[in-house]
Amino acid sequence: MREKKYLDSADVNYRRAFNVISKIEPKVAQKRSLIAYYINYGSLVPFIRTSNASKESLDLAFKALDLTSNDANYGDLTSLIYNNIGYNYENEGNVGLAENYYQKAYDLGRANTEIMLSSKISKIDNLSRVYSNSGRFEKALAIEREAKDMIRQESKERFDNNTMSLEIFYDTEKKMNKSIS
């Protein structure tokens, strides 16, 4: 019961938020707020609706996509939206469309340095699952290997950055000790 109360409250407040967003100036801030609204509310809809939730969630995702597509400033969000659309289609059982949108999310996010590794891995997992479930195990394995390589590369970069930081700290301490002596 309590969960329903909170979900109903969230629904009401999201609807109010839309009215506030429509009054935001400048328009660039309004656009980013609308994108966030559509993405977040679209993710909530399946929990608060019993009928037409998937359709409404997809409608909101496509509204967000209309605002982000063809704008390089929103590549990270466009990738997220494609992934969300794929997830909705997969839940509906439309694996072909799910794969199509997962692939778009993956392609767009693959080289984007603004997208966190965990988000990239999530997109790879979704695409790999679709490949596996449709019997394309070699494709699933290939993309999983790519995920492993991404993880290895990020770990190496973190290690190198930590090592460099320690070297700088050590050199600084050494200079401080020389100047004190």
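Where is the place of Asn70 in this structure? Asn70 sits in the loop between H3 and H4, and the names of such helices follow a simple rule: helices (H or I, at least four residues) and strands (E, at least two) are DSSP runs, numbered from the N terminus.

Before going on, a word about the model. It is a predicted model, in which local features need pLDDT of at least 70 and side-chain atom pairs count only at pLDDT 80 or more, while totals for chains, interfaces and linings use all residues. Residues are numbered from 1 along each chain as its sequence is written, and side-chain values use heavy atoms, with hydrogens and water left out. The term pLDDT stands for the predictor's confidence in each residue, from 0 to 100. For the protein chain its mean is 88, and 98% of the residues reach 70 or more. Confidence is highest in H3, with a mean of 94, and lowest in H7, with a mean of 83.

Let us return to the loops. Most residues other than glycine have a negative phi, and most peptide bonds are trans. Asn70 has a positive phi, near 65 degrees, though it is a residue other than glycine. Asn52, in the loop between H2 and H3, also has a positive phi, of about 60 degrees, and is not a glycine. Are these two residues buried or exposed? Here buried means under 20% relative accessible area, exposed over 50%, and partly exposed in between (1.4 Å probe, protein chains only). Asn70 counts as exposed because its relative accessible area is 85%, and Asn52 is exposed because its value is 58%. Another loop, between helix H1 (2-21) and H2, holds Pro26. The peptide bond that joins Glu25 and Pro26 is cis, with omega about 0 degrees.

Now step into helix H3, where you will find Thr68. Thr68 is buried, because its relative accessibility is 1%. Leaving aside residues up to four places away in sequence, Thr68 touches Ile35, Tyr74, Leu77, Thr78 and Ile81, where contact means heavy atoms within 4.5 Å.

Next comes helix H5, made of the 16 residues 95-110. An α-helix has 3.6 residues a turn, so residues three or four places apart point the same way. With that in mind, look at the buried residues of H5: Ala98, Glu99, Tyr101, Tyr102, Ala105, Tyr106 and Gly109. What covers them includes helix H3 (53-68), helix H4 (75-92), helix H6 (117-133) and helix H7 (137-180).

Helix H6 has 17 residues and reaches 24 Å from its first C-alpha to its last, close to the expected 24 Å. Among its buried residues are Leu117, Lys120, Ile124 and Tyr131. The cover over the buried residues of H6 includes H4, H5 and H7. After H6 comes Gly135, with a positive phi near 80 degrees.

On a 1 Å grid over the protein atoms alone, a cavity is a set of points where a 1.4 Å probe fits but cannot get out, and a pocket is an open set with protein on both sides within 12 Å along at least five of seven lines; lining residues have an atom within 4 Å of a point. Grid points are joined across faces, edges and corners, and a volume is the space filled by probe spheres set on the points.

The largest pocket holds about 250 Å³ of space. Its lining has 16 residues, and those closest to its centre are Gly42, Pro46, Ser57, Tyr87 and Asn88. Helix H2 (27-48), H3 and H4 are the elements that give two or more residues to this lining. The second largest pocket holds about 170 Å³, and H7 gives the largest share of its lining, four residues.

There is one cavity of 30 Å³ or more, and the largest cavity has a volume of about 40 Å³. Ala105, Tyr106, Gly109, Arg110, Lys120, Lys123, Ile124 and Met150 line it. The largest share of this lining, four residues, comes from H5.

Notes. Expected span 1.5 Å × (residues − 1).
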